[in-house]
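Hello,

Here is the structure we talked about. Please open it first, then read my notes below.

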Amino acid sequence: MEIQQIEQLLKEQLQLSEIYVKAEGSHYAVTAVGDCFEGLSRVKQQQLVYSPLTNAIADGTIHAVSIKAFTPQQWRREKLLNPPL
């Protein structure tokens, strides 16, 4: 599955404000930012991101997914504390 396909799928399904996907073979790292994560536990946030990907995971297209989910406020704080290199 192409990175752009995953980004578009998650952005549309979850109404995300920002989405970043990196891939190494069939292993993907997803950083998702959206209001949909407000008030949810970390587990619930990850389940929300995981849900639209279940078909691709079930058929083996995606082997592993690492998920980081942030509200827009948490994301601003994350970028301040851990600026990109």
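Which helix holds Q45? Q45 sits in helix α2 (residues 42–50). Helices here are DSSP runs of H or I with at least four residues, strands are runs of E with at least two, and both are numbered from the N terminus.

Some ground rules before the rest. This is a predicted model, where local features need pLDDT of at least 70, side-chain atom pairs count only at pLDDT 80 or more, and totals for chains, interfaces and linings use all residues. Residues are numbered from 1 along each chain as its sequence is written, and side-chain values use heavy atoms, with hydrogens and water left out.

Back to Q45. Its relative accessibility is 5%, so Q45 counts as buried. Buried means under 20% relative accessible area, exposed means over 50%, and partly exposed lies in between (1.4 Å probe, protein chains only). Leaving aside neighbours within four places in sequence, Q45 is in contact with F37, L40, A69 and Q74. Contact means heavy atoms within 4.5 Å.

Now the sheet. Three strands form an open sheet in the order β1-β2-β3, with mixed pairing. Two strands pair if DSSP finds at least two bridges between them. β1 and β3 stand at the edges with a single partner strand each, so one side of each has no neighbour in the sheet. On average, neighbouring strands of this sheet are turned by 10 degrees against each other, direction ignored. Axes are lines fitted to C-alpha atoms, for helices over the stretch in contact, and angles run from 0 to 180 degrees between N-to-C directions.

Two helices pack on this sheet. Helix α1 touches β1 and β2, and its direction makes about 150 degrees with that of β1. Helix α4 (residues 72–81) touches β1, β2 and β3, and its direction makes about 100 degrees with that of β3.

Next, the pairings strand by strand. β1 (residues 18–24) and β2 run antiparallel, joined by seven bridges. E18 stands opposite V33 in β2, and I19 has A32 as its bridge partner. The hairpin of β1 and β2 has two residues between the strands, and G25 takes a positive phi near 65 degrees there. H27 has its bridge partner A64 in β3.

Why is β2 largely enclosed by the rest of the structure? Five of the seven residues of β2 (residues 27–33) are buried, so the strand is largely enclosed.

L9 lies in helix α1 (residues 3–14). L9 counts as partly exposed because its relative accessibility is 24%. Not counting residues up to four places away in sequence, L9 touches M1, P52 and L53. The C-alpha atoms of L9 and A32 are separated by 12 Å, with the two residues 23 apart along the chain.

Last, the aromatics. The structure holds two aromatic pairs. F70 and W75 form a tilted one, at 5.1 Å centre to centre and 50 degrees between the planes. Rings of Phe, Tyr and Trp (its six-membered ring) pair if their centres lie within 6.5 Å; planes under 30 degrees apart count as stacked, over 60 as edge-to-face and the rest as tilted. Both F70 and W75 are buried. Together with Y20, they form one aromatic cluster.

Best wishes
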